[in-house]
Amino acid sequence: MRITTFTDFGLRTLIYLASLPPETLTNVQEVSKIYNVSQNHLVKVVGQLRKLGYIHTLRGKNGGIHLAKPPEEINIGEVIEQLENHLDGVDCASPACQLTPCCKLRHALKDAMQAFIASMKQFTLADMMINQDELAPLLFIDRLDSNLGA
C-alpha cells in the first residue's frame, strides 16, 4: 500500500506540529521549507487538516497553525482514511476492465486495504513521537525562532 503524496504531506505536517511545544504557532511556509515541498500543495493539505479538526489555523499578522488536539487523540489510521481518496485498492473503471464481472482481485485488494487501515488505527500521533529527541534535529526544532508565527 502506498499512500498519496497528499496524505504523506498531511502526516508529515502533523508530526512537525506535534514536535513543537504545545500551542506553538508555525506557518505553511515554514513547514514547506522543512520538508522541501510545494507551499501551494501544502496549503491544500493544511486546509483539509483544518476541516477535519486536526489543526487550528489563525489568520492575520500573528496567525499560524498548530495542533487542535493532543497527539494522543489523533489516530493515524483515521487520518489516512480521511485524507486518502481511494481505499479500494484498484480502479476498475479507468480504463474499464473486462474482468470486473467476475474479478476476485479487487475483493482481495479491498480486504488488504481494510487490513492496512485497521493496522494503522493501532497508532496515534503520540506513538509517532516517541523518538522526539531524534526527530527534533531533523526538523530543525532546536533552531526555530521562538517568535515564529508571531
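1. Helix α5 comprises the 16 residues 105-120 and should span 22 Å at 1.5 Å a residue, which agrees with the 22 Å between its end C-alpha atoms. The expected span is 1.5 Å times one less than the number of residues; helices (H or I, at least four residues) and strands (E, at least two) are DSSP runs, numbered from the N terminus.

2. This is a predicted model, in which local features need pLDDT of at least 70 and side-chain atom pairs count only at pLDDT 80 or more, while totals for chains, interfaces and linings use all residues. Residues are numbered from 1 along each chain as its sequence is written, and side-chain values use heavy atoms, with hydrogens and water left out.

3. Within α5, Met-113, Ile-117 and Met-120 are buried, that is, under 20% relative accessible area with a 1.4 Å probe, protein chains only (exposed is over 50%, partly exposed in between). The buried residues of α5 fall within an arc of 65° seen down its axis, so they line one face of the helix; the arc is that of the directions from the helix axis to the C-beta atoms. These buried residues pack against α4.

4. Asn-75 lies in the loop between β2 (64-67) and α4 (76-83). Is Asn-75 buried or exposed? Asn-75 counts as buried because its relative accessibility is 12%. Leaving aside neighbours within four places in sequence, Asn-75 is in contact (heavy atoms within 4.5 Å) with Met-120, Lys-121, Phe-123 and Thr-124.

5. The average pLDDT, the predictor's confidence in each residue from 0 to 100, is 89 for the protein, and 93% of the residues score at least 70. Over residues 143-150, however, the pLDDT is below 50. Where pLDDT is low, the predicted coordinates should not be read in detail.
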